[in-house]
Amino acid sequence: MHTRYIMSVLFIMFLCVIPHFVEASDYKEELDEQWLFFNQQLITSVVEADAPQPTAVVKLPVELETLTGEVSGYGTFIKQVKLDSKFVGAGLGLELPYTYSAANVFINGILYEEVGKVGTNAQTHERDLQSVVIPIKPRSETIEIAIQISSFNHIRGGFSGAPILDEWDTMYKSFVMERYESIFIGAIILIVGMMTLIIGIIERKEKMFFTFGLFALVVAVRGLVSVPFLYHDVTPWMSYEWATRLEYFTTNLCFSLYAIFIYLLYNKLFSKWILYPGVLLLWSLAGLSLVADVVTFQEAFFSMFPAMITFVIYNIWIMIRALKYHLVLARSLMLGVLFVFIGLIIDFLSGMGIIYSPPIANIMIALNVLIVMGSLCYNYVKNMRMVSKLSDELDEKVRRRTEQLNRVNEELQR
């Protein structure tokens, strides 16, 4: 049992560090210091004759609300970067982690990348969450990077991380490997979900398999609309708004399906009076994410997050009790939920702007799915072997009794 848990953890850790197997570059710089911020100004360079004075000198990542006191708004961030002479004419790359805004990236006054549409109001602004890598070839030892951003109708506006300057080949390989990793993990979870769901449909008494299969499928869908935003490649027709709706919808659905799964396992420990209100709250938030405007359901989700965490803690308490009584799957569930709980807390704090961290909930949920699925299948196979063994023993007993009966019959005939 312990070997299986260790192997599962090592497998996911291996997947998580795949992007870091890319050969390290000779040059890599995080551009976080000394950015000039121009509030409500969309400019491309500070060397322009009519360039305004900067509003502030800031460090990235940063929120618009921190700079201006308003969540919505627009402006420009500009930084001049000094390079070593050997990089002049060389292939460098600029990585812009996903922003909570629309963004235009200018290098030496030339537009290199558009992420959504930068606008000065909600009507002209169009958000599009995605991370981008931009190839550049510096013509001098100094380059000027200008990033215009705008944010409207969203609970956040600003940067999720500081831009990174690196050698292009290394940056692009790492970027592609990260997406391959996400696709690979998502495909595994999707296959697991389909197989488990089929078992639950065929064996109607196995409601745990059916519920867990649905949970895994919802996790796989959520992986498309969260970092690194694979929906841009898989469903290019999907808008940012509906991708965001789908992300929040599947998040709430994941919570509820997992709670139902725990209840089906340990219904003698799990109170219905806590299950029903918790699931009803999650389903209400899921429904709200499909009909309300983006800001409304985002604010509702984060305002209800403490209640959701309380519900998760109750689930953990049930699993602690199951572990105490040595009930089936208790160790697997405790380990899996511990990973998920850590991921959700980190993503929540990052989503509120308290900390700046790349989202890890997807990886943690994937780890949980694989651990629990492996244990579920192991337990199922173990039960089937036990049933088969009992069946063989019963057949042997029947055979012996039949032989005895035949001998008795022969004696009676004689």
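**Helix 6 and its neighbours**

Helix 6 (residues 240–265) packs against helix 7 (residues 272–291) at an angle of about 165°, and their axes are 8 Å apart. The model is predicted, so local features need pLDDT of at least 70 and side-chain atom pairs count only at pLDDT 80 or more, while totals for chains, interfaces and linings use all residues. Residues are numbered from 1 along each chain as its sequence is written, and side-chain values use heavy atoms, with hydrogens and water left out.

Helices here are DSSP runs (H or I, at least four residues) numbered from the N terminus. Axes are lines fitted to C-alpha atoms over the stretch in contact, and angles run from 0 to 180 degrees between N-to-C directions. Helix 6 and helix 7 are therefore roughly antiparallel to each other; angles over 145 degrees count as such, and those under 35 as roughly parallel. Their crossing is left-handed, meaning that the near helix is turned anticlockwise from the far one by less than a right angle.

Contact means heavy atoms within 4.5 Å. On the helix 6 side, the residues that meet helix 7 include W242, Y248, F255 and Y263; their counterparts in helix 7 include K272, W283 and L290. By class, this contact has 16 nonpolar, three polar and two charged residues. Ala, Val, Leu, Ile, Met, Phe, Trp, Tyr, Cys and Pro count as nonpolar, Asp, Glu, Lys and Arg as charged, and the others, Gly among them, as polar.

Helix 6 also packs against helix 8 (residues 294–324), at an angle of about 20° and with the axes 11 Å apart. These two helices are therefore roughly parallel to each other, and their crossing is left-handed. Among the contact residues are Y240, E241 and T251 of helix 6 and V294, F301, F302 and M319 of helix 8. The contact of helix 6 with helix 8 has 14 nonpolar, five polar and two charged residues.

Aromatic side chains come next. The structure holds 13 aromatic pairs, in which ring centres of Phe, Tyr or Trp (its six-membered ring) lie within 6.5 Å; planes under 30 degrees apart count as stacked, over 60 as edge-to-face and the rest as tilted. F215 and Y258 form a tilted pair, 5.0 Å centre to centre with 55° between the planes. F215 lies in helix 4 (residues 207–225) and Y258 in helix 6, so the pair ties together parts that are 43 residues apart in sequence. Both F215 and Y258 are buried, that is, under 20% relative accessible area with a 1.4 Å probe, protein chains only. F301 and F302 form an edge-to-face pair, 5.5 Å centre to centre with 85° between the planes, and both are buried. F212, F215, Y258 and F261 form one aromatic cluster.

Note on methods: Parallel < 35°, antiparallel > 145°, perpendicular 65-115°, else oblique. Buried < 20%, exposed > 50% of the residue type's maximum accessible area, 1.4 Å probe, protein only.
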